[in-house]
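Me: Please take a close look at one residue and what surrounds it. Then set that spot in the wider model.

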Amino acid sequence: MRADVPEKLPDKFVNQELKNIDYPDDEKNVTINGVDYLQSQAPVGKFGGELVISTIGEGPKTFNPCNTKDATSSSMAGLMYDGLLTTNPRSGKVVPLLAKSFEIDENDYTIHLRHGVKWSDGKPITADDVMYTFEEIVFKGFGNPSTMDAMMMDGKLPELVKIDDYTVKFTTPRPFAPFLRQLTYPIVPKHYFKPYSDKGESVFNAFLSPDTPPKTIVSNGAFRLKEYVAAQRVVFERNPNYYKINLKGEKLPYLNKLVYMIVGDTNNEILKFEAKEVDVLSLRGSNVARYKLKEPDSDYTIYNLGPDTGTLFLIINLNNRKDRNGKPYVNPTKHSWFANRDFRAAIDWALDRKNMVQNIASGVAEPLFTAESLNSIYLNNYIKGHPCDPNVSRESLTKAGFVNKDGILYDNDGNRVEFDLYTNAGNLEREALGVMIKQDLEDLGMKVNFKPVEFNSLVNKLTNTHDWDMAIMGLTGSPLEPHDGKNVWTSKGSLHLFNMRPSDYKVDDRLDWEKEIDDIFREGALKLSFEERKPLYDRYQTIIYNQKPIIYLYSPTRITAIRKKFKNIFPTPLSGLIYNLDEIYVE
Amino acid sequence: MEFFKYISKRILQVIPLLIIVSLISFFIIRLSPVDPLAELRLNPSISKETLDKEIKRLNLDKPIYVQYFSWAKSFVKGDLGYTSAGEKVSTKLKERIPNTLLLTTIVIFMTWIVGLPLGVLAAVRKETALDRILTVVSSIGMAIPSFFFAILMLIFAVKTGWFPVGGLTSYNFNEMSFAGKFVDISKHLVLPVIVLFTISLSGLQRQMRANMLEVLDSDYVKFARAKGLSEGKVIFKHALRNAINPMITLLGFEFAGLLSGAALTEYVFQYPGLGRLILEAVMKSDINLVMASLMMGTIMLILGNLIADILLMITDPRLRGVKG
């Protein structure tokens with residue numbers, strides 16, 4: 001432990017909002033000499049300079065925006081390729097980007113493209129590129145097919161028609177709320193991609209691998225690839241053909257270069273920030289206090305972006321099915337406890353989330369009680385949570401027929417309450433959580449065998465062999481679209497971990513509340529307006545909160561430091577710190 | 001003639017060895033509970049269809065022996081296959097091998113240039129102040145774990161700002177002049193070279209000292225001295241030539257370590273070499289990449305031993321008549 005830093009952060013800092021930031025107005029469409037530009041309303045900056053960011057891991061696996069399966073690859077390909085629409089970084093609304101505008105009429109989505117905008121090689125971007133991207137890549141399931149899956153409604157894909165060179169129309173088979181957001185899918189140049197996609201999927205998947213000569217790549221995003229050096233860095237340079245302009249009518253982006261340093265782990269990232277080799281650092285745990293203390297006489301500013309989409313939770317196995325040999329996945333005695341809502345409630349009330357936040361996350365987190373993450377626009381604000389109160393737990397246990405004899409808990413058949421708690425070994429945060437949860441539950445007289453196992457073994461237990469009792473896990477949610485959680489919440493979802501059914505399972509043994517959640521997710525996707533959808537998704541969060549198959553613990557807070565010389569920094573809880581790379585400039 | 005017969009026999013022996021090594025490693029990797037798709041499985045936005053597609057692509061739906069034979073078939077044809085992320089294994093290796101070779105050859109070259117004379121010196125001046133100092137220094141060098149030493153060096157780089165924190169080139173490397181590029185790479189290499197040099201130097205120096213002492217103690221050296229030869233002639237003409245023989249075998253092992261010997265140091269310094277690549281590959285059970293590197297390591301080891309044997313035949317007349 002370091003002695004020269006405070007153990008915990010002052011509450012004031014942790015809860016500080018981004019209220020002093022003077023956000024610019026939303027971007028506008030401006031037509032100059034027949035070219036439909038998108039005009040940034042941010043203060044006019046200086047051209048030139050570079051921003052150095054770090055990315056943890058082994059670097060991008062591909063620059064093909066249609067075939068990205070990991071976060072690094074998709075954020076880099078995302079810099080190079082814009083989609084028709086995008087998400088407003090503050091409101092979360094879907095707004096035009098590469099498209100000039102769009103109209104929705106029942107199931108028809110008409111998209112108008114910008115006139116006069118060009119690919120990085122100077123060729124115009126037209127409806128043909130849009131048609132090509134969707135018909136020959138997305139709808140065929142090339143690359144990463146998750147967009148195709150998300151667009152599929154009852155096994156049917158939307159129809160796409162070209163109206164003229166600058167207008168296309170999508171028609172969905174029925175109203176489908178999550179559809180609009182799928183149009184943020186990157187649009188790719190037909191003249192550059194088609195020769196490869198025509199050769200079949202395996203050629204297409206290998207296309208735009210990181211060793212592709214950068215000069216040959218045709219893109220439409222704010223930055224284009226300049227250099228890729230394996231295991232060291234990826235360098236982007238400004239795309240002179242980009243269609244966004246500033247208030248003076250000058251073409252963005254401001255930065256000449258954007259450098260991603262590929263670093264192996266967070267320790268190295270911190271060292272590189274200390275040595276001033278990178279400009280942005282995302283801070284975790286006890287580091288926050290240290291950097292905050294040094295901030296006043298440093299060259300960086302620290303922003304608190306609020307809770308992130310990550311959630312940590314305790315999940316309980318409600319599975320009562322049997323494996324192929326007729327052996328129950330979960331011991332029937334244990335299942336009788338786990339299936340009892342009062343037992344789960346007892347666990348929930350015994351967990352001291354405040355303590356976890358202070359001691360495990362060094363205060364850089366917020367207690368969590370809802371299935372939606374704290375920065376979700378669909379967060380159920382009526383769920384306020386509850387304090388830790390072992391007395392409530394004891395009452396629930398008594399109600400459920402459990403007896404505590406000399407500090408040891410027995411069920412009403414006289415079985416000692418004992419179960420296994422898993423998590424992935426090597427994740428220090430989860431291991432510390434496990435120890436704390438074990439302590440909290442043993443105070444109730446339960447016996448908890450805490451077993452950190454290798455990550456892959458844990459995943460195998462959860463998704464395949466189902467032989468686990470409880471586990472500490474984390475999943476990343478979507479702050480904008482609750483329907484993305486359908487794999488977790490619907491009863492036949494592939495990540496319905498707390499009650500997994502085989503994919504070919506025919507028996508309808510859904511619990512009442514599982515049925516209700518299935519209905520909510522089906523109905524929620526059909527409703528198009530936020531006002532109609534909100535009550536439905538509020539209801540599902542209430543059900544999870546009451547039934548507690550998953551007991552949420554906390555969400556980490558994102559705290560990021562960036563050098564002061566960078567201007568036009570408008571952090572938002574939804575999009576983070578440097579989402580507007582085309583507007584950021586060096587003073 | 002005997003010589004070539006011996007070499008071809010040695011090369012033929014390699015084949016069963018490679019088969020055994022590949023079989024054992026393939027099965028161990030595949031039977032371990034590591035799932036290359038674990039992360040995808042826990043990603044809520046990845047559908048069942050995508051997962052099935054990936055399982056098919058990586059051949060995970062087939063029995064292990066079928067996977068092994070399909071791997072072996074393409075390996076024999078010279079095709080190393082694709083990584084689990086879909087990149088060519090051969091390209092990945094080609095990106096990294098020159099970087100690792102650059103680091104390890106510099107280190108090996110420096111170690112031998114400095115280590116052998118120091119060893120000889122320590123042996124000749126046995127139990128003088130110089131020998132004692134060298135003993136202490138090399139004991140420290142041998143005792144300090146490489147990763148710990150590397151971390152100390154990194155902290156040194158951050159605190160002083162004299163050296164870059166890891167990597168091999170700066171981000172504006174491509175815009176530099178030739179001299180600038182040379183200086184940039186050198187600056188990046190200084191710290192990892194210091195770490196690896198210190199550690200391997202100690203071992204080599206001690207080894208050479210021990211060999212030399214043994215030889216100096218032998219009868220023929222005593223005889224040479226008794227004959228009235230000058231001390232220089234005794235040491236360089238008689239003792240050194242005999243003391244160097246075991247070092248040649250060691251050189252063979254050094255050759256095997258050319259590609260894999262620096263893995264830990266590479267990892268700490270974020271050096272873009274093979275070490276980092278393979279460590280990651282093992283963690284993710286990226287079978288083609290791991291197999292390629294294991295095969296490479298095996299071949300290098302065999303090759304190193306072969307080279308050492310040939311060198312020994314040249315330096316040691318006693319071995320020349322011996323049949324393999």
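Reply:
**A phenylalanine and its setting**

Leaving aside residues up to four places away in sequence, Phe163(B) touches Ala157(B), Lys187(B), Val190(B) and Leu191(B). Contact here requires C-beta atoms, placed from the backbone, within 7 Å of each other. The model is predicted: local features need pLDDT of at least 70, side-chain atom pairs count only at pLDDT 80 or more, and totals for chains, interfaces and linings use all residues. Residues are numbered from 1 along each chain as its sequence is written, while chains are lettered from A and ligands numbered from 1 in the order in which they are written.

Phe163(B) sits in the loop between helix H7 (146–160) and helix H8 (178–216) of chain B. Helices (H or I, at least four residues) and strands (E, at least two) are DSSP runs, numbered from the N terminus. Val190(B) is 27 residues from Phe163(B) in sequence, yet their C-alpha atoms are 8.0 Å apart. Phe163(B) has 18 other C-beta atoms within 10 Å, so Phe163(B) counts as partly exposed. The scale is this: buried means 20 or more such atoms within 10 Å, exposed means 12 or fewer, and partly exposed lies in between, with C-beta atoms placed from the backbone.

Now chain B as a whole. Its secondary structure comes to 15 helices and zero strands. The C-alpha trace of chain B spans about 85 × 55 × 40 Å along its principal axes. Of its 324 residues, 31% are buried. Among contacts in chain B with a separation of 6 or more, 72% join residues 24 or more positions apart.

Next, the partner chain. In all, 38 residues of chain B are in contact with 44 residues of chain A. On the chain A side, the elements giving two or more residues include helix H4 (146–151), strand S10 (223–229), strand S11 (233–238) and helix H15 (455–465) of chain A. H15(A) gives the most, with six residues. By class, that side has 16 nonpolar, 16 polar and 12 charged residues. Nonpolar covers Ala, Val, Leu, Ile, Met, Phe, Trp, Tyr, Cys and Pro; charged covers Asp, Glu, Lys and Arg; the others, Gly among them, are polar.

Chain A also has an open sheet. Its four strands run in the order S6-S7-S9-S8 (chain A), with antiparallel pairing. Strands S6 (99–105) and S8 (159–164) of chain A are at the edges with a single partner strand each, so one side of each has no neighbour in the sheet. The twist averages 20° from one strand to the next. Two strands pair if DSSP finds at least two bridges between them. S8(A) and strand S9 (residues 167–171) of chain A run antiparallel and are joined by five bridges. One residue pair is Leu160(A) with its bridge partner Phe170(A) in S9(A). Helix H3 (residues 127–138) of chain A lies across strand S7 (108–113), S8 and S9 of chain A, at about 170° to S8(A). Such angles run from 0 to 180 degrees between N-to-C directions, on lines fitted to C-alpha atoms, for helices over the stretch in contact.

Last, some backbone details in chain A. A cis peptide bond, with omega about 0°, joins Leu252(A) and Pro253(A). Pro253(A) lies in the loop between strand S12 (244–245) and strand S13 (257–263) of chain A. Asn568(A) is not a glycine, but its phi is positive, about 60°. Asn568(A) has 20 other C-beta atoms within 10 Å, so Asn568(A) is buried.

Notes
Contact = placed C-beta atoms within 7 Å.
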